[in-house]
Amino acid sequence: LITGALAREDIFPVTKPDFRYEEFSNLNRVQQKAAIDQLDYTAVTWNALGLADVERKGWDYLTTDQQIGATQIGFTKESWDCFIDHYSSAYWAELVANNKASQYMRLGWSQESWEGQGTHPSTEGKWWDQLSDDEKRAANSLCYFKMNWDNVDMNPNDSYFPYNFPEFRYRPWDELSLSMQNTAIGMMNYTEDLWNNLGT
């Protein structure tokens, strides 16, 4: 007997690259080599979604070598731009032209906030389970789902600390991805100065 509401199904505009949501150790040797040699991933940055520098770039901003490496791993331009970049490298006019601006607007963005002239929307400070169903549908249209919205860390934790070492916390503000900056601002009330001055 099934009780309660059924879980909603994630529906994406692009085929989901399931390999990206596997631990690095589960990739084949060709994928691992391309990830390390051409995209500058490490096992740690692969396993921590959104941490690698390369994931802050849209496909057209990748070098030719990086595009080749991404293709060897299994990405296409479409899957990279949607599931990795989420079109965040695009100008607002490009989002409008590609019918993506309306999805970001459902998540609370405007042209002003996108271009850094307004405040970040409240959704940037929410975990996936805190989003409304409409916000989740909009996020799905930008290839977000629970795992990559929440930036899940797949790194094994065999240290004596109860949680994995938060390597990202010791990186300068300007090296964080936009989504990580937005989370730090929206959920933890950080500013750039507070982030860069540990302990304040």
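This is a predicted model: local features need pLDDT of at least 70, side-chain atom pairs count only at pLDDT 80 or more; totals for chains, interfaces and linings use all residues.
# Notebook: an all-helix chain

I began with aspartate 153, which counts as partly exposed because its relative accessibility is 37%; the cut-offs I use are buried for under 20% relative accessible area, exposed for over 50% and partly exposed in between, with a 1.4 Å probe and protein chains only. I note that the accessible areas come from the Shrake-Rupley method with a 1.4 Å probe, and that for residues only the protein chains shown count as cover.

Residues are numbered from 1 along each chain as its sequence is written, and side-chain values use heavy atoms, with hydrogens and water left out.

**The whole chain**

I looked up the secondary structure and found eleven helices and zero strands in the protein chain, where helices (H or I, at least four residues) and strands (E, at least two) are DSSP runs numbered from the N terminus. The radius of gyration is 17 Å, close to the 16 Å that the globule rule gives for 200 residues, so the chain is as compact as a globular protein of that length; this radius is taken over C-alpha atoms, and the rule is 2.2 Å times the number of residues to the power 0.38. Along its principal axes the C-alpha trace spans about 50 × 45 × 40 Å.

Of the 200 residues, 40% count as buried, while the chain exposes about 11,600 Å², with carbon and sulfur atoms supplying 52% of that area. I also looked at contacts, meaning heavy atoms within 4.5 Å: among those between residues at least 6 apart in sequence, 61% join residues at least 24 apart.

**The second largest pocket**

I then turned to the second largest pocket, whose volume is about 310 Å³. On a 1 Å grid over the protein atoms alone, a cavity is a set of points where a 1.4 Å probe fits but cannot get out, whereas a pocket is an open set with protein on both sides within 12 Å along at least five of seven lines, and lining residues have an atom within 4 Å of a point. Grid points are joined across faces, edges and corners, and a volume is the space filled by probe spheres set on the points.

The lining of this pocket has 15 residues, and Lys77, Asp81, Tyr87, Ala90 and Asn98 lie nearest its centre. Helix H4 (77-84) and helix H5 (92-97) each supply at least two lining residues, and H4 gives the most, with three. By class I listed five nonpolar, three polar and seven charged residues, where Ala, Val, Leu, Ile, Met, Phe, Trp, Tyr, Cys and Pro count as nonpolar, Asp, Glu, Lys and Arg as charged, and the others, Gly among them, as polar.

**Around H4 and H5**

Tyrosine 87 is in the loop between H4 and H5, and it has a positive phi of about 65 degrees although it is not a glycine. Tyrosine 87 counts as buried because its relative accessibility is 17%. Asparagine 99, in the loop between H5 and H6, also has a positive phi, of about 60 degrees, but asparagine 99 is exposed, with a relative accessible area of 58%.

In helix H4 I checked isoleucine 84, which counts as buried at 9% relative accessibility. Leaving out residues up to four places away in sequence, isoleucine 84 touches Arg20, Glu55, Phe75 and Ser79.

In H8 (residues 133-141) the buried residues are Glu135, Lys136, Ala138, Ala139 and Asn140, and their cover includes helix H6 (101-106) and helix H9 (146-149). Cysteine 143 follows H8 with a positive phi, near 65 degrees.

In H10 (residues 178-188) I found Met180, Gln181, Asn182 and Ala184 buried, and the buried residues of H10 pack against helix H11 (192-196). Glycine 186 also lies in H10 and counts as partly exposed at 44% relative accessibility. Glycine 186 and serine 122 are 64 residues apart in sequence, yet 6.9 Å apart in space, C-alpha to C-alpha. Just after H10, asparagine 189 takes a positive phi of about 60 degrees.
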